Amino acid sequence: MGRLKTLTRRAFLVGTAAVAGGVAFGVYTVRRPHENPLLGDLEPGQAALTPYVRIDGDGVTLITPRADKGQGAYHVQAVLLAEELDLDLAEVRVDPGPPSAAYWNTALAPEAAEFTIPAQGMMRDMVEGGLGAVMKVMGMQITGGSTTVADQFDKLRAAAASARETLKLAAADQTGVAVSDIRTENGAVILPDGRAIAYGDLAGAVAGMDVVQDVPLRAPAQWRYIGKPMQRIDMLGKCTGTLDYGIDLDVPGMLQATVVLNPAQGGALNRFDATEAEKMRGVKAVLPVTGGFAVVADNTWRAFQAAQMVVPDWGDTSNMPATMEGHWQALSDAFTDDQQDSRQRDDGDVDSALSGGKIIEAEYRAPYLAHAPLEPISAIVRVDDTTAEVWTGTQIPRFVQTNVARIAGIEADAVTLHVQMMGGSFGHRLEDEVVKQATEIAVQLKGVPIKLTYAREEDMTHDFPRQIAMARLRGKVTNGQVEAMDLSIACPSVIVSQMGRQGISMPGPDSQIVAGAWNAPFAIPHHRVTGYRAAPLAPISSWRSVGASHAGFFQNAALDELIFAAGADPLEERLRLVHDDLAQKVLEAVADMSSWDGPLGNGRGRGVALTTSFGVPCAEVIEVSQTEAGLKLDKVWVAAEVGRVVDPVNFENLVQGGVIFALGHAMNCEITYADGIAEQSNYHAYEGMRLYQCPDIMVRGLENGDQVRGIGEPPVPPAAAALAGAIFAATGTRLREMPFNKFVDFA
Amino acid sequence: MKLTVDGVAHEVDVEDDMPLLWVLRDELKLTGVKYGCGIAQCGACTVHLDGAAVRSCQIAAGDAEGAEVLTITGLGQPNALHAVQAAWVEHQVAQCGYCQSGQIMQAAALLENDSEPTDEVIDIVMSGNLCRCGTYPRIRAAIHTAAAKMKEA
Ligand code: FES
Ligand code: FES
C-alpha cells in the first residue's frame, strides 16, 4: 500500500505512504558511512518513515517513536512540524504510534536502528580503530532526551515542507489554479479566491503523487513558532489531571499486579508460601517471576497488601561487596595499568611536569543515585497464544518488543506496543525489567491484561542506579597559573551493565567513564585524563547526563583546587584557560549575568563550573550564604550553547529543572548497599531537592553554534562542582564527596 | 460505603482501611490523583477533604465517608480552569507533569487560607510536594499570579 522513493546520496529525503483514509509523509535518513541499513528488510507496504506525519480526515497527526518523559519532546516536534506545514500548533496531534503494525513497526524505526544497527556497526568501527566512532555510537544509544531536538530539527521541517508543497500541487491539479497562486494557512490550502481546502481533503490525491523534494526551509525571520514563547501542547492536560500516564491506563478486563523481588539486587527466589495472601480479599493469584513473586489482584492496594503476607524463601543473593567500603575499595583498586580503559587527553608532558616540586593531590567520590521519577514504573501486558499487546512508557521500544516476544514465545512483530506518556525518567525507562516481569505474569494468565505497578519501595530499591565513581588528582601550579593536571577516574562501565541486560556486549573503551572530563575545553599546558574500568559492582544504568554526572564534578572540583593553590580567581583562571570559542562565550555569559567580581565575603561565596556534555558547553555560577539554619543556596546563573532555542519557556524550565535535579542529588542523595540490599527505599531517605531549598535560577541560552542541541542533560554536570566551589568560598570547607550533606548542613 | 467525590455521590464496596487514593484511582477510575510514594512523602496524591489539602494515601476510605472529596478533575476543567490551574498554564509549570495534580491541589488549598502568601509561607506549605523534574521556580511564580488573580475576582 505504500512505496518508498528511490534513495539518493542526499542526507535525507522525504517519502510518502498511503495509509487508511489519508497519506503519511516521513523523512528517510541515509546513514553514512553505513549504507541505509533498513532498506534491505523493507517489505512492500512497510515504510520506514519515523517519525512521520499522517494527514487524513481527522487532520494532521505526528507519529513519533520519540518518547516523552516530561521534557516536551512531543511539543518540540509539533512546533517543528507546524512551522513548515502552516498548522495551528494547538491543532497538531502527537501519537507515539497507534496499535496497527502498519503504523508502528519498531523493527524499522530509526529509534531501533540507533540501538541495534550501530551496535553491529560498532564492531566494524572498532576493528577500523576509531574511538571517535565508538563514542558517536554510544552517544546515540544512551542520550535519549537530549537527542530529540538535535535529530529532528532539520528532518521534521523538511518532511513538513515537502508535505506542504505536495499538498499545494495536489490542489493545483484539482482546481486548475497555478501552484504559484496557492498558499497554505492553518491546516488548509488557500486558493486565490479565498477558498480553503483542508489538508485532509487532499490526502487521497497526494497519496498517489510524487513528493516534492528538496523544498528550501524557511528562514528564521519567517518563523512563527520557533524561538518564541508558546504554550506546550501537553500543558492543559497536565494541569487539569486529564492526561493519562502509563500508570493511569485502564484496559478492559485488566487485573492489577505488583511484584516483590529479592531485596538483594539480582538475588534469586527459592520458593514462597502464599497461603495467607491467597485468602485475602481481591487476590487472584500469587505467581513466581524471575527473582521474586507477583501478586495479582483486583486492586493495586490489595495487591500491595497481600504481597506483605507472602512468605518468601530467598535464594542466592547478590555477589556485590557486602559493604560500601568494599565498593569504594574496588574503585580504589582499579587505578592500575591493567584496568586502564582510556586516555583520550594527554597534552604536554604530564610525567615530567609532575616529577618534582609541590604536587597537589586529592581524591573525589560520587555515590550511587536512584532515578526515582515520580511516576513509579508500570506496564500493562496481555499475552495470548500468538500475539501480545503492551502499554508502557519506554525509551527502548525495540528492546521491549523483542523481550516480550522472547518471554511469550511468539514473533516480535506479533507484539503490539503502545508507548505511553511518562511521569519522568531521567534514564529509568531505558530499562525494561517491569515489562519483562509483567510478561512473565501475563504468560501465566493468558488472555488477561495484567497491569504491573511497582510500589515505590520496589522501584527505588531495585533501580539500576547511577554508577559509583572515584577520581584522583595530581596537579601543579606555577606563577599563579594552573600548570599541570593529571586526572584519573575509575568506575564500572555503565554501558556494559546496561547493554549487558539486553544481551549486547560492548567491546572497547567506555568513554562515559571520562565524559565531560577528557574533553574539558581548557588549555592546561600539561593535561591528562585517564579512565580506569572497575569490575562490575551493583548493576548500574544511565542517569541524566550519564558519565558527565560524575566526571563533570570531578573535573571542575579538581580544577578549582589547582586554581585556589595558584591564588587565582576561579572564573578568571577558567577564562584564561578556555580554548574553545563557544565554551568561552558561556563562561563570559555567566560572568556577565552574575556580575562576577571576586570574593563576596561575609559568609557568602560563589563557585563556577563549566562542562561540555552532549555537545553543549554549559557554565553555572552558584551563590550561597551561611545562615543560622545552615548553608542557603541563593542564586544560580546558567548559560548554555545550544545553537537554537526552539521554545524559550520550555528551555528555561528544562535548564532550571536540570540544575535542581543535579543540586538536590549532590546535596542530599545517595543509594548505599548493605549485603546487596539498597538501604534507601522511599523519598524520606532520598529527598532530592524540595521547594524550600530551591534557589533563584537565571538562564541564558546562547545561539552562536551552528548545531542545534538538546538541553535535557547538559545543565546537570556543572552544578555540583559550582556548589562545592561556592561552599568553599563561603566557609573554607572543601567538599570532595557527594552527597554534601554528610559534611555540611543546608538550611 | 458512600463517598462524595467532585460533587458526585458514589457507592463503593471497599475495606474501611483502603487508602482513599486507591479507592479514587482503582475503584472510581479518577486517575488524575497520582500515586508517588504511599507514605506521605511526595504529595502527588493530594486532594481536598472538606476543603483541606490531605494526602489521600494516608486517609482511610472509612474516614472519608460523609466528607466532600475534591480532586484535580473536580477543581476545574480544561475549558473552565480554576485560577490556580490557569496560573499554572500561564507559567508553563509542568514538565513531566506527574506531580502537578498534587501541587495544584496543595496550592489551591493554600490560597483558600492565605490569599497573599509570602515566599516563606509558600516554601513551608509547598515543600511537602516533591517535584522530581524541578519545576519549583515556576510553582512559586504561579502561586503569586494565582493569588493576584483571585484577589481581583
Ligand atoms: S502518594 Fe501520597 S504523599 Fe506520596
Ligand atoms: S513535573 Fe515531573 S515531577 Fe513535577
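A polar contact is taken here as a pair of N or O atoms within 3.5 Å, where, within protein, one atom must be able to donate a hydrogen and the other to accept it. By this criterion, 33 residue pairs with both members at pLDDT 80 or more are in polar contact between chain A and chain B of this predicted model. By residue type, the side of chain A that touches chain B divides into 29 nonpolar, 18 polar and 14 charged residues.

Salt bridges also link the two chains, and 8 of them are counted between chain A and chain B. One pairs the side chains of Glu652(A) and Arg138(B), with an N to O distance of 3.0 Å. Taken as a whole, the interface brings 61 residues of chain A into contact with 56 residues of chain B. About 4,800 Å² is buried between the two chains, and carbon and sulfur atoms give 55% of this area. Trp301(A), Leu374(A) and Leu691(A) together supply 17% of the area that chain A buries against chain B, more than any other three residues.

Turning to the fold of chain A, the model shows 19 helices and 28 strands. Of the 747 residues in chain A, 64% are buried. Among chain A contacts between residues at least 6 apart in sequence, 76% join residues at least 24 apart.

The largest nonpolar core holds 266 residues, and those with the most contacts inside it are Leu85(A), Ile441(A), Leu663(A), Leu723(A), Phe740(A) and Trp88(B). Beyond its neighbours within four places in sequence, Leu663(A) is in contact with Ile622(A), Leu633(A), Val636(A), Met689(A), Ala719(A) and Leu723(A). A second, separate core comprises 12 residues, among them Ala277(A), Val283(A), Ala303(A) and Val310(A).

Gln502(A) lies in the loop between helix 14 (494–500) and strand 22 (526–533) of chain A. Gln502(A) counts as buried because its relative accessibility is 14%, and the cut-off for buried is under 20%. Setting aside residues up to four places away in sequence, Gln502(A) touches Ile396(A), Phe399(A), Asn403(A) and Asp432(A).

Note on methods:
Residues are numbered from 1 along each chain as its sequence is written. Chains are lettered from A and ligands numbered from 1 in the order in which they are written. This is a predicted model: local features need pLDDT of at least 70, side-chain atom pairs count only at pLDDT 80 or more; totals for chains, interfaces and linings use all residues. Side-chain values use heavy atoms; hydrogens and water are left out. Contact means heavy atoms within 4.5 Å. Buried area is the accessible area (1.4 Å probe) that two parts lose on being put together, summed over both. A salt bridge is a side-chain nitrogen of Lys or Arg within 4 Å of a carboxyl oxygen of Asp or Glu. A polar contact is a pair of N or O atoms within 3.5 Å; within protein, one must be able to donate a hydrogen and the other to accept it, and residues adjacent in sequence count only if both atoms are side-chain atoms. Ala, Val, Leu, Ile, Met, Phe, Trp, Tyr, Cys and Pro count as nonpolar, Asp, Glu, Lys and Arg as charged, and the others, Gly among them, as polar. Helices (H or I, at least four residues) and strands (E, at least two) are DSSP runs, numbered from the N terminus. Buried means under 20% relative accessible area, exposed over 50%, partly exposed in between (1.4 Å probe, protein chains only). A nonpolar core is a set of buried Ala, Val, Leu, Ile, Met, Phe, Trp, Tyr and Cys residues joined through side-chain atoms within 4.5 Å.
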